[in-house]
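Here is a short report for a reader meeting this structure for the first time. Keep the sequence and the 3D view at hand.

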Amino acid sequence: MTVQSVRDLICHGKIDIVGDAIRSAVDEGCDPEALLQDMILSVDDLEERLKNGEIIASEMLLTVKALTVGVAELRPYLSTETIGRLDR
């Protein structure tokens, strides 16, 4: 599983498989910090798609939920410093 694959799952609101995808990506050697940064960038994609009328509110909510699930799954792999920034 690649960083881009995880991002695509989040952007498409794949709540049911994003957690497994993140575990798989980390197990395959993806840097958890890089995964997190890319997941955050997916929010920018979401904002742009919403502005352009490419998605509707329900799709946006699924993406946000997938991001939340993804961050929760990634949390054990992150440094204490990064977790501190997430908790703000």
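## Helix 1 against helix 2

Helix 1 (residues 3-11) packs with helix 2 (residues 15-27) at an angle of about 170°, and their axes lie 10 Å apart. The two helices are therefore roughly antiparallel to each other, a label for angles over 145 degrees. Axes here are lines fitted to C-alpha atoms, for helices over the stretch in contact, and angles run from 0 to 180 degrees between N-to-C directions. Helices are DSSP runs (H or I, at least four residues), numbered from the N terminus.

## Model and confidence

This is a predicted model: local features need pLDDT of at least 70, side-chain atom pairs count only at pLDDT 80 or more, and totals for chains, interfaces and linings use all residues. Residues are numbered from 1 along each chain as its sequence is written, and side-chain values use heavy atoms, with hydrogens and water left out.

The protein chain has a mean pLDDT of 88, and 98% of its residues reach 70 or more. pLDDT is the predictor's confidence in each residue, from 0 to 100. Among the elements of the chain, helix 2 has the highest mean pLDDT (94) and helix 5 (residues 80-86) the lowest (77).

## The nonpolar core

The largest nonpolar core has 16 residues. Such a core is a set of buried Ala, Val, Leu, Ile, Met, Phe, Trp, Tyr and Cys residues joined through side-chain atoms within 4.5 Å. Val-6, Ile-10, Ile-22, Leu-35, Met-39 and Leu-74 touch the most other members. Helix 1, helix 2, helix 3 and helix 4 (57-74) each supply at least two residues of this core. The largest share, five residues, comes from helix 2.

Leu-74 is in contact with Ile-22, Val-26, Pro-32, Leu-35, Leu-36 and Met-39, leaving aside neighbours within four places in sequence. Contact means heavy atoms within 4.5 Å.

## Buried side of helix 1

Val-6, Arg-7, Leu-9, Ile-10 and Cys-11 are the buried residues of helix 1. Buried means under 20% relative accessible area, exposed over 50%, and partly exposed in between (1.4 Å probe, protein chains only). These buried residues pack against helix 2, helix 3 and helix 4. After helix 1 comes Gly-13, with a positive phi near 65°.

## Residues of helix 3

Asp-38 sits in helix 3. Asp-38 is buried, at a relative accessible area of 13%. Beyond neighbours within four places in sequence, Asp-38 is in contact with Val-3 and Arg-7.

Ser-42 is also placed in helix 3. Is Ser-42 buried or exposed? At 2% relative accessibility, Ser-42 counts as buried. Not counting residues up to four places away in sequence, Ser-42 touches Arg-7, Ile-10, Cys-11 and Leu-67.

Ile-40 lies in helix 3 (residues 32-51). Its 42% relative accessibility makes Ile-40 partly exposed.

## Arg-23 in helix 2

Arg-23 belongs to helix 2. Arg-23 counts as partly exposed, at 28% relative accessibility. Leaving aside neighbours within four places in sequence, Arg-23 is in contact with Glu-73 and Tyr-77.

Definitions and conventions:
Angles under 35 degrees count as roughly parallel, over 145 as roughly antiparallel, 65 to 115 as roughly perpendicular and the rest as oblique.
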